[in-house]
Amino acid sequence: MTINPYPPPDLRIGLLGSYGGRNIGDEAILKCVLRCLRVHRPQARLVVFSRNATHTRGHQPEADEVVDWEGVPQKPVLHALDGLDLLVLGGGGILYDGEARRYLRLVRAAHERGVPTFAYAVGAGPLREADDREAVRTVLAEMTEIVVRDEESRLVLEEVGVDRELAVTADPALLLTPEPFTEQMMRQEGLPTDTRLVGMSVREPGRAAEKLDEDDYHALLADVAEFLARRLDAYVVFVPMERQDVRHAHGVLSRMTAPDLGRILHNSYSPGEVLGFMNHLDLVVGMRLHVVIFAALSGLPVLPLPYSGKVFDFARRTGAPALVGVAREHAGLLLAEVDRLWDEFPQRQADLKARVQALRALARETGDRCGAILDSIDGHAPRDVRRSAGPALMLSPGSRPPA
């Protein structure tokens, strides 16, 4: 066997997203994307552009290098872009008003340096502001390939004027591996281990939930929590995915007539540990997309509260009940839906499992698409694959497309 004495240098792959510990769902996405890239290129140098580099260094061991990009001088950030062979944008919801233009400024800088770019299961919308719409329309037109995580995002990008193929896939966090949530951790949280537990996820009104009235939905979810506590003889556990979720969980607890039947997880956990915690639950009601995803991965009956299109889309794809809106006047309908979900779930469980497996296959396919681009960059792809990939992908080892 002849060994090449001059092997090609390891690829440098950058990842840009809402990373840095602000949201457990985003951290789950980053962990899964890093693992997928590592599978395709074990020797690649993975560079994460983070909003909090210290957090990312401490919580994402697959990252070889972490670069602060928010609120810092831009020269080091641009220098890091210079050395990349590919910049991966996403996944997760990052193309929305007020944020899209900030992320795409770095993508545009990558294009100016001849770095190919791949949109990895990104989420989009709402996009109403002119500057964000223009950035999305112009920068995405130059990307090597665009993969969105749901149908809602595809429709948003088409409405903005992105006129090119948009592949629809599934959220990368569907590939997350659970980590143990031990009995000791349960005791530290003061949670009972001899009764049913219902998980609940609440979040703040904001860009993705701008029509929510805070008092109304706190009162509504308090009704749901109390109904489930009595109906199932259960204890309600609130699962914060961001720091501000704790305040809203307290808002729900304060409106319960029996707040002693509820508790908020107060310690910090990794995405895998939160997924592992689902094994202690019997049912989940969730506003946060990734709580809903974790529940579905764990085979639990889950009632999504679709405050935004991404949650509604995931509910539709998993066959879960998909109520439109979260409002006080829907209390009776919501309680009836929760009741029916619990009663009918044994008959629906096999269908949920099959749907989740199909979504996981789509999530793996996103990694394969990114792997095909990496093949074209370092010359590992078969000739017919590189030919069919299109001009943007027909690169010789070590070269870049024209800016």
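The model is predicted, so local features need pLDDT of at least 70 and side-chain atom pairs count only at pLDDT 80 or more, while totals for chains, interfaces and linings use all residues. Residues are numbered from 1 along each chain as its sequence is written, and side-chain values use heavy atoms, with hydrogens and water left out.

Of the 403 residues, 55% count as buried, where buried means under 20% relative accessible area, exposed over 50%, and partly exposed in between (1.4 Å probe, protein chains only). Among contacts with a separation of 6 or more, 73% are between residues 24 or more positions apart, a contact being heavy atoms within 4.5 Å.

Next, select C32, C36 and C370. The sulfur of C32 has its closest cysteine sulfur in C36, 6.8 Å away and therefore too far for a bond; C32 itself is buried, at a relative accessible area of 2%. For C370, the closest cysteine sulfur is again that of C36, at 9.0 Å, which is also too far for a bond, and C370 is buried at 1%. The count of disulfides in the protein is zero.

Now turn to the backbone. Most residues other than glycine have a negative phi, and most peptide bonds are trans, so the following stops deserve a look at their torsions.

Select G90 and G91, which are joined by a cis peptide bond with omega of about 10°; G91 lies in the loop between β4 (86-89) and β5 (92-95). Moving on to G125 and P126, the peptide bond between them is cis, with omega near 0°, and P126 sits in the loop between β6 (117-124) and α5 (130-140).

Within strand β6, select A121, a residue other than glycine whose phi is positive, at about 55°; A121 is buried, with 0% relative accessibility. Finish at D233, where phi is also positive, near 50°, in the loop between α8 (214-231) and β10 (234-238), and where the residue counts as exposed at 59% relative accessibility.

Note on methods
A disulfide is a pair of cysteine sulfur atoms within 2.5 Å. Helices (H or I, at least four residues) and strands (E, at least two) are DSSP runs, numbered from the N terminus.
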